[in-house]
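Me: I have a structure open and would like to go through parts of it with you. Could you help me read it?

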Amino acid sequence: MAINESGDDVFRRMGWRSRLREAWHVLFGKQQSSGGAVSAAAANRGALGRPRTLLIEQLIAGLPGPAIVLDRDGRVIAFNKGATAIAPALHRGEPALVSLRMPELVTAIRRAGRRREPQRVEFFERVPLDRWFEAFIRPVRLSDGDGGSVDILLMTFNDLTPLRRVEEMRADFIANASHELRTPLAALLGFIETLQGPARDDTAARARFLGIMQVQATRMARLIDDLLSLSRIELNEHLQPSMTVELAPFVRQVVDGLQMLARDRQVEIKVSMPEEALTVLGERDELIRALENLVENALKYGAAGKRIDVTLARGQTRGGHAEARLAVRDYGPGIAPEHLPRLTERFYRVDVSDSRAQGGTGLGLALVKHVLNRHGGKLSIESTPGAGAAFTMHLPLSTTGVGATEDSLINIIA
Ligand code: ADP
């Protein structure tokens with residue numbers, strides 16, 4: 001920062017008046033008269049006039065983002081509420097340098113003041129949270145209508161943090177997906193080389209290696225399949241499903257399809273359904289995929305509990321709307337509370353090697369979350385470590401008569 005050029009220690013030892021003068025000097029490269037900061041500020045405020053200052057304050061208060069207005073010497077004339085989030089120490093009449101301590105910003109203000117040219121600058125704040133901003137600094141000439149004019153600097157800010165976070169997430173996602181694919185691919189290449197070389201004539205080794213290669217290739221195929229499903233669901237997330245799906249038959253279909261896996265794991269699946277029919281507006285294939293993921297997870301990670309309960313019931317949202325609750329509860333080891341908020345992140349696993357050993361991709365719960373988002377629902381997770389976990393899909397119930405049933409669609413197509 002420019003202040004460092006004159007030495008922080010020297011700066012700290014100075015009185016506040018000298019500090020301001022020094023800061024001013026650093027910012028605008030000119031020495032003030034003996035009257036110093038305060039008298040010059042008063043002169044400038046006079047030049048702008050109270051009514052115009054008030055008008056500026058009212059105008060920038062109406063802007064959606066942070067805004068600060070400086071006089072030609074870099075002193076704060078006005079700022080809105082948003083600006084205090086960026087610079088809590090802002091004070092009217094004080095040099096901007098005192099409260100805006102980001103070096104890039106100070107340089108841009110100085111440049112805009114000297115050259116009378118608009119400036120754009122990006123800066124990063126670490127405290128209290130990591131945040132990125134872009135600032136636009138525009139010199140504005142306010143005419144007083146009598147041939148006179150006053151120069152001010154208008155600073156507006158955009159919070160780039162959400163954009164940067166999305167960029168980071170995308171980069172992380174690509175890195176994670178590549179890493180997940182590279183591991184089985186490296187294993188495949190290694191075995192191919194071995195089969196072409198040292199194990200060329202070893203029939204027993206060939207059979208064993210081909211078995212391992214099949215497992216690795218299946219893992220890659222599953223990962224690509226999950227990635228494609230996730231991107232398809234995300235692409236359609238803004239489109240509300242229009243088909244009606246009656247939940248009980250669909251739950252039975254999913255559970256029946258997983259009975260073989262349940263027998264393998266020696267787990268019993270108990271299904272409990274209400275008397276009444278519960279219907280939602282939904283995309284049947286997506287809902288099947290989501291429920292399959294939850295039951296498969298319960299079978300994979302909660303098998304030790306020997307039992308899984310799949311329960312369908314009517315419930316109510318906090319806002320009083322009717323919803324279907326489809327819960328999958330297991331009695332396995334459960335999940336420690338610190339993992340719960342992150343479980344639906346892509347590639348997040350409590351135990352990576354356990355997930356891989358179970359054939360997991362780390363994308364299952366992300367998929368469930370996106371399916372529920374698309375259906376206007378949500379996923380809730382409860383777990384008591386040592387006593388199991390319950391994953392509940394909350395889906396808004398459809399009001400009768402809305403949407404087409406799958407049968408009616410088939411009739412229309414036929
Ligand atoms: P994966 O493909 O690894 O199963 P998921 O997104 O479906 O990915 O699940 C993420 C992680 O959540 C799993 O790796 C596992 O650690 C944990 N998990 C999911 N369901 C359960 C469960 N019923 N009991 C314990 N842990 C679970």
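What follows is a chat about a sheet, a pair of helices and the surroundings of the ligand.

Me: Before we start, what kind of model is this?
Reply: This is a predicted model, and local features are described only where pLDDT is at least 70.

Me: OK, the sheet then. What is the order of its strands?
Reply: The sheet is open and has five strands in the order β7-β9-β10-β12-β11, with mixed pairing. The edge strands, each of which pairs on one side only, are β7 (268–272) and β11 (378–384). Neighbouring strands are turned by 15 degrees against each other on average, direction ignored.

Me: How many bridges do β9 and β10 have, and in which sense do they pair?
Reply: β9 and β10 pair in the antiparallel sense over nine bridges, and Arg-314, for example, has Ala-324 in β10 as its bridge partner. The two strands form a hairpin with five residues between them, and in the turn Gly-320 has a positive phi of about 90 degrees.

Me: And what does β12 do?
Reply: On one side, β12 pairs with β10 in the antiparallel sense over eight bridges, where Asp-330 is partnered by Ala-389 of β12. With β11, strand β12 (residues 388–396) also pairs in the antiparallel sense, over seven bridges, and there Thr-384 has Gly-388 of β12 as its bridge partner.

Me: Which strands does α11 touch?
Reply: Helix α11 packs on the sheet and touches β7, β9 (307–316) and β10 (322–330), while its direction makes about 165 degrees with that of β9.

Me: Switching to helices, how do α11 and α13 cross?
Reply: The axes of α11 (residues 247–257) and α13 (residues 284–301) come within 10 Å and cross at roughly 50 degrees, and the two helices are therefore oblique to each other. Their crossing is right-handed.

Me: Which residues make that contact?
Reply: From α11 the contact uses Phe-250, Val-251, Val-254 and Val-255, and from α13 it uses Arg-284, Leu-287, Ile-288, Leu-291, Glu-292 and Val-295. Taken by type, the residues of this contact are eight nonpolar, no polar and two charged.

Me: Now the ligand. Which residues come nearest?
Reply: Of the 21 residues around the ligand, the nearest are Arg-349, Val-350, Ser-355, Gly-360 and Gly-364.

Terms used. Residues are numbered from 1 along each chain as its sequence is written. This is a predicted model: local features need pLDDT of at least 70, side-chain atom pairs count only at pLDDT 80 or more; totals for chains, interfaces and linings use all residues. Axes are lines fitted to C-alpha atoms, for helices over the stretch in contact, and angles run from 0 to 180 degrees between N-to-C directions. Helices (H or I, at least four residues) and strands (E, at least two) are DSSP runs, numbered from the N terminus. Angles under 35 degrees count as roughly parallel, over 145 as roughly antiparallel, 65 to 115 as roughly perpendicular and the rest as oblique. A crossing is left-handed if the near helix is turned anticlockwise from the far one by less than a right angle, and right-handed if clockwise. Two residues are in contact if their C-beta atoms, placed from the backbone, lie within 7 Å. Ala, Val, Leu, Ile, Met, Phe, Trp, Tyr, Cys and Pro count as nonpolar, Asp, Glu, Lys and Arg as charged, and the others, Gly among them, as polar. A residue is near a molecule or strand if its C-beta atom, placed from the backbone, lies within 6 Å of it. Two strands pair if DSSP finds at least two bridges between them.
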